[in-house]
Amino acid sequence: MDNEIFDEDKSENKGLNDSATPQEMDTVIIESKSNSDSSGSSGSSDYSSFSAPSSPKPKLSKKLAGVVALCLTSAMIGGLTTVTLLPRIYPNLLSSNQTTLTTSSLSPISTVSNSSQFPVTQIAKAVGPAVVGVSNFQSSQNPFSRQNSSSSGLQEAGSGSGFIIDAQKGYIITNNHVIDSAQKITVSLSDGRTLDAKLVGADARTDLAVLQISDTKNLTAVALGDSTKLEVGESVVAIGNPGGNDFARSVTTGVISATNRTLDIQGESSFGLIQTDAAINPGNSGGPLVDYQGKVIGINSAKYAQSGFEGMGFSIPISDALPTIQQLIQKGVATHPALYVSINDQYNTYAQSNNLPQGAYVAEATSGGPADKAGIKQGDVITKINDTTIQNSSDLVRELYKYKVGDKINVTFVRSGKSQVVQATLGEINSNQ
């Protein structure tokens, strides 16, 4: 996760195993870290005695946070386990042809008579051709393995899904975790073609990536819907490649179970997510969640896989994703508003035990950054951004991302038991930081 400064280390690449078989699934287990010293004295009321664990000075994109127990099948599902850790790819390829995407800028795949809803069979026929498989190739550490190897010596480390948003220019949307650390990316189309894809841009803070293919012959693009108008109970369809290309463009159905859900994982924590009971399986990451008008309203990204739970998939709302997608297409990077603080969520366990205010505990305010200039210091607890209550780092991230770089916001924080309000001007942090 991030905020400005919180990059939780959510590496999905673990090193190629001996079998060197590409994986479409990996399970991220996020556990709350027990802190035997966090309880403190039951009579203590001075949160200044809370001491954050010592750690190296954070970069602008490191989060110092404990997280709640959550077991997720990384629908994150794009599944990139069993691969060597490699640098992320952020090519300095800026598109000279800028494309502006809105929910109405792309032609619908299929005309719906009198705006009536149409059945799943028609949705599958209309949207299916725009859904692609995405394969992530990386170097192998196993010199004897030849399975799934390319002529360059790279092996398929994992796969996920994606969908075409611009048929003329060949732009494809997927999740960042699907293509993270890839040395080569290929895209499999519905007509049987497999093409090399260029990474236009990727942003770990929102778990979004844009690919591009040069051969745009006979491509079909999706139509984008408006995820701000979704209602709980509305019928939806998920399309993707669970298990890889052997099950390409599988269709599952369900409803919108809830909106504005939060998950404490990097990228997804930046959004209020769509929850659905449409089956989202390993390999579905990056695929579309479609309404009954045949329009994409979400990007399938995660599944709640704790034992005993079924039918809990999560998608990034397309309306919230569009600003980042536009930036990646136009500039190759995405920028986000930032306070330039490092947050330690372990404070909240301590605070609960000592009757202290919940909030985002400032482990460090970068010198010269917006928070530092506003007078916010290490040890302060941020409790509000304007009128919105902040209880942890995830709340802080989501709230800051509602604003733009340069916006002025009121920050309420507690210091030595007293609440203070200061005005801060939001700075900028980009995908490469």
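Here is a walk through this structure, from the whole chain down to a few single residues.

What you see is a predicted model, in which local features need pLDDT of at least 70, side-chain atom pairs count only at pLDDT 80 or more, and totals for chains, interfaces and linings use all residues. Residues are numbered from 1 along each chain as its sequence is written, and side-chain values use heavy atoms, with hydrogens and water left out.

Let's begin with the whole chain. It has six helices and 23 strands; both are DSSP runs, numbered from the N terminus, with helices being H or I runs of at least four residues and strands being E runs of at least two. Of the 433 residues, 57% are buried. Buried here means under 20% relative accessible area, exposed means over 50%, and partly exposed is in between, using a 1.4 Å probe and protein chains only. Take the contacts with a separation of 6 or more: 74% of them join residues 24 or more positions apart. A contact means heavy atoms within 4.5 Å.

Next, the charged pairs. Side chains of opposite charge can pair when their charged atoms come close. The structure holds six salt bridges, each one a side-chain nitrogen of Lys or Arg within 4 Å of a carboxyl oxygen of Asp or Glu. One of them joins Asp191 and Arg193, at 2.8 Å from N to O. Asp191 is partly exposed, at 45% relative accessibility. This pair also belongs to a network of salt bridges that links Asp191, Arg193 and Asp215. Another salt bridge runs between Asp226 and Lys229, with the closest N and O atoms 4.0 Å apart. Here Asp226 is partly exposed at 26% relative accessibility, while Lys229 is exposed, with a relative accessible area of 62%.

Now look at Asp380 and Arg415, whose closest N and O atoms are 2.8 Å apart in a salt bridge. This pair links distant parts of the chain: Asp380 sits in the loop between helix H5 (370-374) and strand E19 (381-385), and Arg415 is in strand E21 (residues 408-415), 35 residues apart. Asp380 is buried at 2% relative accessibility, whereas Arg415 is partly exposed at 23%.

H3 does have a kink of about 25 degrees, centred on Thr324. The bend at a residue is the angle between axes fitted to the seven residues ending there and the seven starting there. Thr324 is also among the buried residues of H3, which include Ile318, Leu322 and Ile325. Just after the helix, Gly332 takes a positive phi of about 85 degrees.

From there, move on to strand E18 (residues 360-365), where six of its six residues are buried. It pairs with strand E17 (residues 341-343) in the antiparallel sense over three bridges; two strands pair if DSSP finds at least two bridges between them. In that pairing, Ser342 has Glu364 in E18 as its bridge partner. E18 also pairs with E19, again in the antiparallel sense, over two bridges, and there Ala360 has Ile382 in E19 as its bridge partner.

These strands turn up again around helix H6 (residues 393-400). Eight of its eight residues are buried, including Asp395, Arg398 and Glu399. What covers them includes E17, E18, E19 and E21, along with strand E16 (335-338) and strand E20 (388-389).

Finally, two loop residues. Asp207 has a phi near 55 degrees, a positive value in a residue other than glycine, and so does Asn355. Asp207 lies in the loop between strand E7 (194-203) and strand E8 (208-212), while Asn355 has its place in the loop between helix H4 (346-353) and E18. Is each one buried or exposed? Asp207 is buried, with a relative accessible area of 1%, and Asn355 is exposed, with 73%.
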